[in-house]
Amino acid sequence: MEYETVQGTSVPKIGLGTWQTAGQETYGAVRTALAAGYRHIDTAQAYDNERYVGNAIHDSDVDREDVFLTTKVRPDRFRPGRLKRSVANSIRRLDTAYVDLLLLHWPNPLADLRETMAAMADLVECGDVRHVGVSNFSKKRLMKAQRVSPEPIFTNQVKFHPFKPQRELLRYCQDADVLLTAYSPLGTGGVLDDDLLRTIGARYDKTPAQVALRWATQHQNVVAIPKSTSQDHIEQNIDIFDFKLDREELDRIARPDPVKNGLAFAKGTIGI
């Protein structure tokens with residue numbers, strides 16, 4: 001496993017996303033991931049699976065302190081009082097004393113971002129949360145969050161894959177020592193039948209998905225959280241650190257494509 005270090009904290013380069021998984025399926029995926037060597041798990045209040053994520057971590061042989069655990073606050077819970085109550089409920093469902101990273105799931109233009117970030121900072125101060133961040137924020141919104149937050153913004157979790165390389169946002173995160181957490185790093189499956197990724201993968205005896213994940217994780221300040229419930233895919237997704245793409249391959253793989261990205265969006269990535 002490789003790690004990315006930002007703001008003095010190291011985060012596993014590959015984590016398990018749990019969007020659109022529920023119940024025992026979530027439990028099984030997290031148990032499988034932890035057994036395969038994952039130490040980074042991502043969930044959210046909106047996924048309605050925090051209880052199963054927490055149970056899987058509790059029942060595994062991995063110490064809680066060794067798992068980097070993220071959850072996200074629903075946008076309709078950004079008012080300080082409601083935010084704190086919702087996080088207390090998340091911590092209870094996750095069966096943990098704290099979460100490593102708490103994110104605002106989506107921007108809410110109706111919420112007072114300064115008050116929201118102050119409430120997040122209070123949770124850091126009391127020990128319920130170790131780091132705070134945002135998700136699905138543009139560069140402009142990220143910069144505003146940084147200005148008004150008493151705590152450093154640790155990450156911006158956004159869609160990031162070869163067809164949406166987010167170059168401007170990535171450069172900003174790298175300059176500002178902010179982590180970019182890549183969700184849908186496989187383009188909601190769009191990379192799986194890509195001829196270029198298949199050709200490059202053949203050189204390393206890797207699948208197109210593994211090449212796409214290696215592409216993402218070779219970027220500075222980037223970690224990726226592919227979602228899967230298949231044991232084979234979970235194990236393949238973390239088996240990417242025994243090869244390295246060269247500069248030419250990295251450049252060729254990044255191909256902004258509104259059509260392919262639009263197809264991924266249409267498949268439902270808005271819920272992440």
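Here is a short chat about helix packing, a cavity and an aromatic pair in a predicted model.

Visitor: How are α5 and α6 oriented to each other, roughly parallel or roughly antiparallel?
Guide: Take the axes of α5 (residues 139-148) and α6 (residues 167-176): they come within 10 Å and cross at roughly 25°. Angles under 35 degrees count as roughly parallel. So the two helices, α5 and α6, are roughly parallel.

Visitor: Which residues of α6 does α5 meet, and what is the make-up of the contact by class?
Guide: From α5 come Lys 139, Leu 142, Met 143 and Gln 146. Their partners in α6 are Glu 168, Leu 169, Tyr 172, Cys 173 and Ala 176. By class, the contact of α5 with α6 comes to six nonpolar, one polar and two charged residues.

Visitor: What lines the largest cavity, and how do the lining residues divide by class?
Guide: Searching the whole structure turns up one cavity of 30 Å³ or more, and the volume of the largest cavity is about 30 Å³. Around the largest cavity sit Phe 78, Arg 79, Pro 80, Ala 111, Asp 112, Glu 115 and Thr 116. Sorted by class, that lining has three nonpolar, one polar and three charged residues.

Visitor: How many residues apart in sequence are the parts that the pair of Phe 160 and Trp 215 ties together?
Guide: The model has three aromatic pairs. Phe 160 and Trp 215 form one that is stacked, at 5.0 Å centre to centre with 20° between the planes. Phe 160 is in the loop between β8 (153-159) and α6, while Trp 215 is in helix α8 (residues 208-217), so the parts this pair ties together are apart in sequence by 55 residues.

Methods
Residues are numbered from 1 along each chain as its sequence is written. This is a predicted model: local features need pLDDT of at least 70, side-chain atom pairs count only at pLDDT 80 or more; totals for chains, interfaces and linings use all residues. Side-chain values use heavy atoms; hydrogens and water are left out. Axes are lines fitted to C-alpha atoms, for helices over the stretch in contact, and angles run from 0 to 180 degrees between N-to-C directions. Helices (H or I, at least four residues) and strands (E, at least two) are DSSP runs, numbered from the N terminus. Angles under 35 degrees count as roughly parallel, over 145 as roughly antiparallel, 65 to 115 as roughly perpendicular and the rest as oblique. Contact means heavy atoms within 4.5 Å. Ala, Val, Leu, Ile, Met, Phe, Trp, Tyr, Cys and Pro count as nonpolar, Asp, Glu, Lys and Arg as charged, and the others, Gly among them, as polar. On a 1 Å grid over the protein atoms alone, a cavity is a set of points where a 1.4 Å probe fits but cannot get out, and a pocket is an open set with protein on both sides within 12 Å along at least five of seven lines; lining residues have an atom within 4 Å of a point. Grid points are joined across faces, edges and corners, and a volume is the space filled by probe spheres set on the points. Rings of Phe, Tyr and Trp (its six-membered ring) pair if their centres lie within 6.5 Å; planes under 30 degrees apart count as stacked, over 60 as edge-to-face and the rest as tilted.
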